[in-house]
Amino acid sequence: MYGSYTGRSRTRGRAAGLRTTGTAAALGAALLLAGCSGDGEGGGKQSAPTVEQQPKDKDPYWVNPEGNAARQVAAYSEDGDEKNAELIRKIARQPVGEWIGPDTPEAEVKGVTEAAAAVDRDALLVLYNIPHRDCGQFSKGGASDGNAYRAWLDSVAKGIGDRSATVILEPDALLHLVDGCTPQEFHEERYDLLKGAIQRLKQQPATKVYLDAGNAGWQSPDALFQPLQRAGIAEADGFSLNVSNFQTTAVSTEFGKKLSEKIGNKPFVIDTSRNGNGPYKGGDPAESWCNPPGRALGEAPTTQTGDERVDAYLWIKRPGESDGDCKGGPKAGAWWPEYALGLAGATK
């Protein structure tokens with residue numbers, strides 16, 4: 001359902017004609033966003049809009065100056081399309097989750113956490129590689145077996161080291177045990193893998209772990225608290241809600257508090273990346289989660305939620321990346337500039 005980030009997606013069209021596969025292109029985008037727009041009449045450099053880190057006391061997470069949204073801003077600016085560039089800046093200015101790929105996790109995580117540490121920020125990582133992932137749907141895949149997953153997870157932990165990181169652990173994985181999507185024969189292994197992942201990640205001295213618990217429109221607190229306990233929630237920092245979904249923050253908060261009460265008052269985080277207009281009510285209800293039209297960005301990421309049980313509002317799903325090849329979208333996790341413009345344009 002969620003899509004993993006591989007760093008190899010490519011936008012389409014001349015206005016979005018940037019390439020995301022090369023270091024030089026990424027550096028060029030970052031330089032453009034950092035304000036190097038050329039010399040003015042007086043010989044001094046003119047200042048361009050920048051993508052900077054958010055104030056640490058409000059939002060301690062790292063803003064990636066080379067993310068897909070930032071590169072899209074650079075491409076639109078290069079083409080002179082400042083209207084669309086300004087819309088996409090709404091996304092590019094905010095920290096979003098870094099979805100870790102399957103191939104070189106230690107190097108990838110080390111790069112992200114080192115970049116975050118260099119500007120005194122925390123990395124926000126999403127781990128989405130559980131075996132039999134997404135039950136063969138749009139985001140199918142994952143590690144080949146339990147041993148492969150444990151090795152991958154160990155590499156992730158080594159990549160984090162002693163740097164500050166917040167980890168969102170395996171969106172979908174627990175819920176697909178509860179709703180029957182994952183075959184029964186894999187249940188015992190998955191519980192063991194989730195519990196082991198929490199234990200391994202918590203060996204890192206500055207790592208927080210939030211085990212995914214779905215969203216307020218999918219199952220109930222009564223159906224979830226025992227599976228969460230079995231998966232090791234007691235050793236985690238909390239749980240995550242609404243990843244890649246559209247339930248409102250108010251509804252998610254109410255749901256989260258009911259669930260929290262059943263698992264020792266654990267705190268939680270809410271994905272607010274695309275919930276500004278709430279869930280989509282049209283079309284096939286079974287696909288209301290997949291690239292729904294008319295959605296909007298939600299609350300900006302922050303740790304100042306005003307609720308002691310809610311640790312943070314986060315943009316875990318990367319706004320503008322597809323949920324899957326539905327409603328005209330590209331494959332899951334691919335950057336889709338038209339959808340990104342829709343989200344930003346609908347945001348008040």
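Which residue stands opposite Leu-125 in E2? Glu-98 does. The model is predicted, with local features requiring pLDDT of at least 70 and side-chain atom pairs counting only at pLDDT 80 or more, while totals for chains, interfaces and linings use all residues. Residues are numbered from 1 along each chain as its sequence is written, and side-chain values use heavy atoms, with hydrogens and water left out.

Helices (H or I, at least four residues) and strands (E, at least two) are DSSP runs numbered from the N terminus. Strand E1 (residues 98–99) runs parallel to E2, and two bridges join them; strands pair if DSSP finds at least two bridges between them. From E1 the chain passes through helix H4 (residues 105–118) to E2, a β-α-β crossover that is right-handed. In that term, with the strands pointing away from the viewer, the path from the first strand over the helix to the second runs clockwise. E2 is also joined to strand E3 (residues 165–169), again parallel, by five bridges. Thr-166 in E3 is the bridge partner of Leu-124.

Strand E2 spans residues 123–127, and five of its five residues are buried. Buried means under 20% relative accessible area, exposed over 50%, and partly exposed in between, with a 1.4 Å probe and protein chains only. Ala-123, Leu-125 and Leu-127 point one way from E2, and Leu-124 and Val-126 the other way.

Beyond its neighbours within four places in sequence, Leu-127 is in contact with residues including Ile-100, Trp-152, Val-167 and Leu-201, where contact means heavy atoms within 4.5 Å.

Helix H4 has 14 residues. Its buried residues are Pro-105, Val-109, Val-112, Thr-113 and Ala-116. They lie on the same side of H4 because they cover an arc of only 90° around the axis, taken from the directions from the helix axis to the C-beta atoms. These buried residues pack against E1, E2, helix H5 (146–160) and E3. The face turned away from the buried side of H4 carries the exposed residues Ala-107 and Ala-118. Just after H4, Asp-120 has a positive phi of about 60°.

Key:
The expected span of a helix is 1.5 Å times one less than its number of residues.
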